[in-house]
Amino acid sequence: MTYISPKAIIEDHVYIGRNTTIHAGVHLKRGVVVEDNCIIGKPSRVQMNRFQEQVRSSSTRLEFEDYDAVIDTPTIIGENVLLHSGTTLFAGVTLAEGVITEDNVVVRWDTQVGAFTKLMLAGFVGSYITIGEYSRVGGLLGNRTQIGSYVTTFGNLLHSYKQYGANRVEPAPIVEDYVMIGYDSNLIGGVRIGKRAYIAAGATISKDVPPDTVVTGYNQHRPMSAWQGSLRDDYLASFPTDPLKDEE
């Protein structure tokens with residue numbers, strides 16, 4: 001069964017699959033495709049806390065429409081976005097034009113994803129995150145991570161977890177443009193990864209990485225100029241403009 005909230009906005013030329021929920025505040029723009037078993041506009045933690053309090057205090061059983069009614073933040077899905085099966089987007093998410101989410105992606109509340117970015121299979125994107133354009137994002141992004149444009153990441157980007165419990169704000173990684181983060185690497189805390197850096201698979205990063213740097217192992221840095229061979233050449237050539245030339 002598919003549920004579309006009367007408070008949602010669905011433009012023309014939109015497809016919505018089976019067993020999918022479109023909550024209040026959702027705006028699906030022209031050309032959007034939503035496959036089966038998706039949830040769009042799921043309540044945030046604050047909204048769920050509000051609903052749970054309503055459940056406790058109500059003298060009658062609440063219905064799904066009451067659950068839907070607690071959502072008071074817009075969720076904007078841009079033109080020609082493709083949401084594959086099992087995608088879950090929380091309230092307050094904004095996906096710009098041409099974004100693709102592969103199967104079973106989760107994006108939590110108040111996160112923004114730039115145009116033509118792809119969120120890879122079963123990726124987890126936390127809350128209050130910004131992701132630039134034309135990026136490829138898999139793995140795990142902790143709350144408040146910032147990702148630039150033309151970034152590829154298959155790693156785990158986490159804030160520091162210096163204390164127990166929720167409702168705290170800790171520094172999270174910042175990743176500049178044209179960065180590659182390899183599979184199963186770990187970026188921990190408020191580190192800044194400079195433009196064109198290359199983080200090898202399995203690396204652990206706990207301090208800043210300058211631009212044009214290759215990192216392997218545990219914080220082992222070396223300049224991009226020392227990395228020779230076809231892998232480097234193919235990597236740099238894959239960008240649509242010359243990534244070694246900064247804009248003036």
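This is a predicted model: local features need pLDDT of at least 70, side-chain atom pairs count only at pLDDT 80 or more; totals for chains, interfaces and linings use all residues.
Me: Let's start with helix H3. Which of its residues are buried?
Reply: H3 spans residues 230-237, and its buried residues are Arg 232, Tyr 235 and Leu 236.

Me: Why do they line one face of the helix?
Reply: Looking down the axis of H3, the buried residues fall within an arc of 90 degrees, so they sit along one face.

Me: And what's exposed on the other side of H3?
Reply: That would be Ser 230, Asp 234 and Ala 237.

Me: OK, what covers the buried residues of H3?
Reply: The cover includes strand S24 (180-181) and strand S27 (198-199).

Me: Switching to strands. In which sense do S4 and S7 pair?
Reply: Parallel, over two bridges; S4 is residues 21-22 and S7 is residues 39-42. Ile 39 in S7 is the bridge partner of Thr 21.

Me: How many bridges join S7 to S10?
Reply: Three, and those two strands run parallel as well, with S10 being residues 88-90. Ile 39 stands opposite Thr 88 there.

Me: Now the inside. How many residues are in the largest nonpolar core?
Reply: It has 39 residues, and those with the most contacts inside it include Ile 40, Val 175 and Ile 193. Another core, of nine residues, lies apart from it, with Tyr 178, Met 180, Tyr 198 and Leu 236 among them. Leu 236 is also one of the buried residues of H3.

Me: What does Val 175 touch, leaving out residues up to four places away in sequence?
Reply: Gln 146, Ile 147, Gly 148, Val 151, Leu 157, Ile 181, Leu 187 and Ile 193.

Note on methods: Residues are numbered from 1 along each chain as its sequence is written. Side-chain values use heavy atoms; hydrogens and water are left out. Buried means under 20% relative accessible area, exposed over 50%, partly exposed in between (1.4 Å probe, protein chains only). Helices (H or I, at least four residues) and strands (E, at least two) are DSSP runs, numbered from the N terminus. The arc is that of the directions from the helix axis to the C-beta atoms. Contact means heavy atoms within 4.5 Å. Two strands pair if DSSP finds at least two bridges between them. A nonpolar core is a set of buried Ala, Val, Leu, Ile, Met, Phe, Trp, Tyr and Cys residues joined through side-chain atoms within 4.5 Å.
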